[in-house]
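Work through the following exercises with the sequence and the 3D structure open beside you. Try each task before reading its solution.

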Amino acid sequence: MNTQIQPDPSAIGGVPKAPLAFLPSPAKLFATRAERFDFLADHGGNVAPYLRFLGALTAVQARLAGELPAADPLPADRIETARAHRMPPIDRAEMATDAGLYATLDRFLDLAAQIEMPEPARIALQAVKAAPIADRHWLLENVLADRIPDDSAAAHLFVAAAVQLHLSRIAATLPADKLVPIRTGICPSCGGRPATSSVVGIGALDGARYAACPCCTTQWNEVRLTCLCCGSTKGISYRSVETIEATVRAEVCSECDHWVKVLYQNKNHSLEPIADDVASLGLDLMMKDTDKTRGGFNPFLTGY
């Protein structure tokens, strides 16, 4: 059932000033995400095999986050310059040629080859492993620019997982108090688009909203009832597959005709911004039948 709500009544109330950003703890984040993928796979119906596969990939990320040498922090002057110019300190374009990212990609592909996966995925993995440097650079550039061609989604998926691992380890070294808001819907750590946003239930911050970066895994505060694609506060409505009590909904903007999922973690603390985005694929399929375009970027949903 397509349920539409307007406005979001739970957005009304006193929410204290929230910290701008929560930086990742990569090993813990990926371990928690892998567990969530596995739980969702146990209840995932037709999408269960894909959720299980992503859980195994995420477990590889968690393992490497604990095994790889500590990431080098960005220079202090670079962070200050980014702050002064209201820019993200992580330069995603520069990362496409970063030697550390290529080394992380190699290590990730080696371990990923050991997990069970469908034959098309294994063919894509082998193609990435055998790809010359120019092709790998193209794959990395696409992921870092939040653009993935539908016809090569499988190859990009493996690369995206390695990018998540590498950038989250860099983001973890950032001083959170040095980050500044860039603009609505832009990650203050790396400048990426959000996959989803979540209404959190964290102590005094119950009811605050945090967007989740699918690239560096930073979560940053955004004003509720605001479109994360165009910044409009007009024409915001909510749609869900089941009932008005659904904990995953599409936040729809009639100004720019885009939508981004919002997860109500204050109602279900187990919700995870990336895993539950994939698991709620039915909402994406429902929204495909509308004239609205998905605004959230999740490399694990390319092609859907």
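**Exercise 1.** Find which residues Phe158 is in contact with, leaving aside its neighbours within four places in sequence.

*Solution.* Contact means heavy atoms within 4.5 Å. With that cut-off, and with the neighbours within four places in sequence left aside, Phe158 is in contact with Phe53, Leu57, Leu105, Phe108, Leu109, Met117, Ala121, Ala124 and Leu125. Before going on, note that this is a predicted model, in which local features need pLDDT of at least 70 and side-chain atom pairs count only at pLDDT 80 or more, while totals for chains, interfaces and linings use all residues. Residues are numbered from 1 along each chain as its sequence is written, and side-chain values use heavy atoms, with hydrogens and water left out.

**Exercise 2.** Work out which residues touch the most other members of the largest nonpolar core, and which element gives the largest share of this core.

*Solution.* A nonpolar core is a set of buried Ala, Val, Leu, Ile, Met, Phe, Trp, Tyr and Cys residues joined through side-chain atoms within 4.5 Å, where buried means under 20% relative accessible area, exposed over 50%, and partly exposed in between (1.4 Å probe, protein chains only). The largest such core has 70 residues, and Phe53 and Phe158 touch the most other members. Among the elements that give two or more residues to this core are α1 (26-42), α2 (48-67) and α8 (153-171), and the largest share, 12 residues, comes from α8. A second, separate core of 9 residues includes Val252, Leu271, Met286 and Met287.

**Exercise 3.** Decide whether strand β8 is largely enclosed or open, and trace which strands pair with β8.

*Solution.* Helices (H or I, at least four residues) and strands (E, at least two) are DSSP runs, numbered from the N terminus, and two strands pair if DSSP finds at least two bridges between them. In β8 (residues 258-264), 6 of the 7 residues are buried, so this strand is largely enclosed by the rest of the structure. Strand β3 (residues 196-199) pairs with β8 in the parallel sense over 3 bridges, and the bridge partner of Ser197 in β8 is Val262. Strand β7 (residues 248-253) pairs with β8 in the antiparallel sense over 5 bridges, with Val252 opposite Trp259. Finally, β8 and strand β9 (residues 293-294) pair in the parallel sense over 2 bridges, and here the bridge partner of Trp259 is Arg294.
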